[in-house]
Amino acid sequence: MRTLSRTPRILMVPIIGALVLAASATFVFAHGGNTGLIHACVFGNGNIKIIDAADTCPANQTALDWSISGPAGATGATGATGATGATGATGATGATGATGPTGATGATGPTGPTGPAGVSGYEVVFQDFVVPAGGFLRNTATCPAGKKVFGGGAAVIGEGTQDFRTVVQESGPGTIGGGQFDLWLVAIRHDDTTTHTIRIQAICGFVN
């Protein structure tokens, strides 16, 4: 038997524990070098010394081997389903997609209804009146028969753009001859110190 240079590992195991191991292990005095087993020598007092796989036990000790790994246990029961996790944060907005192709030209829509009748025969008719200083004018410009008046007014003509000291008192449409003729009526007070020529005008045309 060879002398071991290392300090022997001695386990103090109660006698009843040694008996339990002895009941489930194979007793030999020499070990076969199987590294898949744990090898030990049992003293007469029940103490156990762990040895290498190639070592042997003295004649006054009992060899004891047992497996490093026990048999695989039965598969455990499936665990309960875990709680639902919290909702994750909203992801970042994705990049804008490329512009799609231009769609085909739609069909031509139906022709719309005929619009209302327009205006024809547009013209501006007028009459000029010489009004003395401090004078007053109330007169009309009359449209030709059949034409309607659309607007009108009065203005001092031929004297530029200065202040003519004229005051318009009336300006509006009217008719004469039982509605046969449309006209534009103007009444003006002339407060200037000189004579002015005042033109009354009417915008006329046919309503078709």
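Modeller: Let us start with the link of Cys143 and Cys204, which is left-handed, with -75° about the S-S bond. Cys143 sits in the loop between E7 and strand E8 (148-156) and Cys204 in strand E11 (residues 196-207), so the bond ties together parts 61 residues apart in sequence. Strands here are DSSP runs of at least two residues, labelled E, and helices are runs of H or I with at least four, numbered from the N terminus. The S to S distance for Cys143 and Cys204 is 1.9 Å, and a pair of cysteine sulfur atoms counts as a disulfide within 2.5 Å. Both Cys143 and Cys204 are buried; that word means under 20% relative accessible area, with exposed being over 50% and partly exposed in between (1.4 Å probe, protein chains only).

A word on the model itself: it is predicted, so local features need pLDDT of at least 70 and side-chain atom pairs count only at pLDDT 80 or more, while totals for chains, interfaces and linings use all residues. Residues are numbered from 1 along each chain as its sequence is written, and side-chain values use heavy atoms, leaving out hydrogens and water.

The structure holds 2 disulfides. In the other link, Cys41 and Cys57 have their sulfur atoms 1.8 Å apart. Cys41 belongs to strand E3 and Cys57 to the loop between E4 and strand E5 (62-67), 16 residues apart, and the pair links distant parts of the chain. The torsion about the S-S bond of Cys41 and Cys57 is about -95°, so this disulfide is left-handed. Cys41 counts as buried because its relative accessibility is 0%, and Cys57 counts as buried at 7%. If you number the bonded cysteines of the chain in sequence order, the pairing reads 1-2, 3-4.

Strand E3 (residues 37-42) runs antiparallel to E4, and 4 bridges join them; two strands pair if DSSP finds at least two bridges between them. Val42 has Ile48 as its bridge partner in E4. The hairpin of E3 and E4 has 5 residues between the strands, and Gly46 takes a positive phi near 95° there. In a regular strand the side chains alternate between the two faces of the sheet. Strand E4 (residues 48-51) shows two directions: Ile48 and Ile50 point one way, Lys49 and Ile51 the other way, and all are buried.
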